Amino acid sequence: MKKLLILFGIALLFCACKTTEENYRQSYESAVAKIKDKEREGVDSATYNRIVAMQAPKGTIVGNDTVKIITGLAWQAYGEDIKLKKYNVVVGAMKQIFNAKEMCNRLRNAGCEAYVMTDRQKNYYVVAAAYNRKDSAADFLKNISTHIPFKLPLSEPYIYDTTKIYVKNE
């Protein structure tokens, strides 16, 4: 009888401790909610939404086209063999450098002079091409499907105008 109770207890222990995908999902969503709450700490939701909207790429007229451009302070995080330039065509934005490096290497294998930039918030931007002239970057962006043979993670690639860096005209 005693052995039977012990076996029943062990069986119950193993059955009760199984993790499921649903448990992982709930735990993940809880952690993400806590991070978002911490980011918003002391800021009402209307103000927070305005700040997020201000960080989104804005439509800018370049030549005869309108392209999305974001301006900010960024520096290279990977691919330093290619020099950072002022106007960077961003085709991927990620939170983990590992994913950004993988995409960068994939772009390089496709013939792009790709590298990864990062900003103060530790966002990683995968750059497919970079130029010192806005019109050159806009031309690449307009014809991006001819330069990159695979589907991009961003539905609308954009130009990242890096500020506060010294760039010689080339």
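A salt bridge is counted where a side-chain nitrogen of Lys or Arg lies within 4 Å of a carboxyl oxygen of Asp or Glu. The model examined here is predicted, so that local features need pLDDT of at least 70 and side-chain atom pairs count only at pLDDT 80 or more, while totals for chains, interfaces and linings use all residues. Residues are numbered from 1 along each chain as its sequence is written, and side-chain values use heavy atoms, with hydrogens and water left out.

The structure holds three salt bridges. In one of them, R133 pairs with D135, and their closest N and O atoms are 2.5 Å apart. Accessibility is classed as buried under 20% relative accessible area, exposed over 50%, and partly exposed in between (1.4 Å probe, protein chains only). R133 is partly exposed at 47%, and D135 is likewise partly exposed at 31%.

A further salt bridge joins D81 to R108, with 2.9 Å between the closest N and O atoms. This pair links distant parts of the chain, 27 residues apart: D81 belongs to the loop between β3 (75-78) and β4 (87-94), and R108 to helix α4 (residues 97-109). Such helices (H or I, at least four residues) and strands (E, at least two) are DSSP runs, numbered from the N terminus. D81 is exposed, at 61% relative accessible area, whereas R108 is partly exposed at 27%.

The loop between β3 and β4 also contributes K86. K86 forms a salt bridge with D161, the closest N and O atoms lying 2.8 Å apart. D161 sits in strand β7 (residues 158-162), and the two partners, 75 residues apart, link distant parts of the chain. D161 is buried, at 11% relative accessibility, while K86 is partly exposed at 25%.
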